[in-house]
Amino acid sequence: MASKYVLTKETVVEVSAAAATAISEASTATFVGISCVGNEFSYNDGQPTEVDVATFCSTEQESDDGLAAPAEITIAGNFVPTDEGLLSLKDSKKTGTLRLLRLTFRDGSIFTYLVQVRQNSFTGQVSNKWTTSITMRVKDLLEVPAGS
């Protein structure tokens, strides 16, 4: 049986040029690319808190899931102060507005996220390049698998 995988090569990462309020706006939004500055994309689904529900009559630890935590995305890569996509995310953080983030996989699957920028940082050091890391909270998600 052959292994299944999708290469990251030719993945397209885009952010809406303007603020968005709903995931449904993705079909009409103008997107700008950040694929040529980004080199790492990390999605972390939120983990609910664990609530201790053990009582005096419990014979072992008991717990249940509490409130769900939101998912987060981090994009890291090259920092280019004039890049349209990075400027859109910077504006999102500054104004507190949401953006649409679209990830198009090589197999044709498209994941679209409504995100709130939580942290935008950049760093540089001698004899190297400037890098950036942008952390976003996911407010909504639309997944369209290839062939749908």
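Two strands are taken to pair if DSSP finds at least two bridges between them, and strands (E, at least two residues) and helices (H or I, at least four) are DSSP runs numbered from the N terminus. The structure is a predicted model, in which local features need pLDDT of at least 70, side-chain atom pairs count only at pLDDT 80 or more, and totals for chains, interfaces and linings use all residues. Residues are numbered from 1 along each chain as its sequence is written, and side-chain values rest on heavy atoms, with hydrogens and water left out.

Strand β1 (residues 12–16) pairs with strand β7 (residues 99–104) in the antiparallel sense over 4 bridges, and V15 has L101 in β7 as its bridge partner. Helix α1 (residues 84–95) packs on the sheet, touching β1, β2, β6 (72–78), β7, β8 (110–123) and β9 (131–144); contact here means heavy atoms within 4.5 Å. The direction of α1 makes about 80° with that of β8, where axes are lines fitted to C-alpha atoms, for helices over the stretch in contact, and angles run from 0 to 180 degrees between N-to-C directions.

Overall, 7 strands form an open antiparallel sheet in the order β2-β1-β7-β8-β9-β6-β3. Because β2 (31–33) and β3 (38–44) stand at the edges with a single partner strand each, one side of each is left without a neighbour in the sheet.
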